[in-house]
Amino acid sequence: MNVTEILFWILSALAIASALMVVLSKNPVHSVLWLIMVFFAISGHYILLNAQFLFIVNLIVYAGAIMVLFLFVIMLMNLNTDTEPQKNKWLKVAGVVAGGCLMLVFVAALKSSGTQQVQMGEGNIGLIENLGKALFNEYVLPFEISSVLFLSAMVGAVVIGKKGD
Amino acid sequence: MPINYYIFLALALFCIGVAGVLTRRNAIIIFMCIELMLNAVNLLLVAFSKMHYAAAVANAPGTIVGTDAQLFVFFIMVVAAAEVSVGLAIIVMMYRNTHSIDINFLNRLKH
């Protein structure tokens with residue numbers, strides 16, 4: 001086992017354990033903190049795949065911006081373990097069984113998928129130079145449209161969040 | 001690493017997200033589980049973008065095959081950011097009206 005493989009297993013275990021804790025923890029603030037751990041583990045995977053641009057975007061946008069937004073909303077609502085709504089026990093069991101069945105079906109369908117090797121730690125397609133060239137040549141129209149999307153999302157958030165009617 | 005490992009890792013994260021959506025009643029936690037599913041898909045797309053690299057670089061050195069997948073991931077992140085801002089505004093509005101973020105109260109959204 002070389003260093004890359006060891007890092008892959010450590011990051012995978014961290015991601016799955018943190019994802020389980022997101023679902024299992026009772027306190028919403030703890031869930032957000034565990035979700036940030038998941039995002040850090042996935043960012044580590046991006047580094048292993050040499051997708052450096054996505055690594056930094058994932059850290060800034062997801063772990064930096066989106067999760068802070070979640071934390072602010074939770075703090076605004078003053079939630080804690082006592083006010084946490086609970087489903088009844090059988091519904092929870094049914095949910096877990098349904099998720100497990102979905103996983104079973106996927107694993108059965110994909111277990112014979114190819115054993116092609118993924119290129120780790122080399123290649124320059126994930127670097128910002130190459131992605132920037134592609135983004136501003138072939139994908140310039142979707143890029144501009146996404147700015148309109150952000151504008152409409154901003155207007156929508158302000159209109160929905162406004163007090164009174 | 002073989003592509004299999006990445007497929008199963010993303011699958012596990014995605015199914016944990018699905019199970020979270022089905023078992024929790026807190027609207028914010030459900031929203032976070034959706035983010036988890038989006039990230040599992042992103043990870044798999046990045047892994048797929050590096051899958052055919054070795055064969056392509058043998059034919060043409062300096063190839064940029066796989067750029068599209070990484071740009072898809074970028075656009076998924078863009079859409080996710082917009083979605084989160086609107087979704088959290090809706091959740092705050094719902095909390096202001098019902099003083100709870102239990103999704104079972106969503107059936108009174110009309111009044």
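Chain A and chain B bury about 7,200 Å² between them, and carbon and sulfur atoms give 76% of this area; buried area is the accessible area (1.4 Å probe) that two parts lose on being put together, summed over both. The model is predicted: local features need pLDDT of at least 70, side-chain atom pairs count only at pLDDT 80 or more, and totals for chains, interfaces and linings use all residues. Residues are numbered from 1 along each chain as its sequence is written, chains are lettered from A in the order in which they are written, and side-chain values use heavy atoms, with hydrogens and water left out.

With contact defined as heavy atoms within 4.5 Å, 83 residues of chain A and 73 residues of chain B take part. A:Phe70, A:Met77 and A:Ile125 supply 10% of the area that chain A buries against chain B, more than any other three residues.

Polar links across the interface comprise eight residue pairs in polar contact, both residues at pLDDT 80 or more. A polar contact is a pair of N or O atoms within 3.5 Å; within protein, one must be able to donate a hydrogen and the other to accept it, and residues adjacent in sequence count only if both atoms are side-chain atoms. The number of salt bridges between the two chains is zero, the criterion being a side-chain nitrogen of Lys or Arg within 4 Å of a carboxyl oxygen of Asp or Glu.

Among the elements giving two or more residues to the chain A side are helix 1 (3-24) and helix 3 (52-77) of chain A. Helix 3 of chain A gives the most, with 12 residues; helices are DSSP runs (H or I, at least four residues), numbered from the N terminus.
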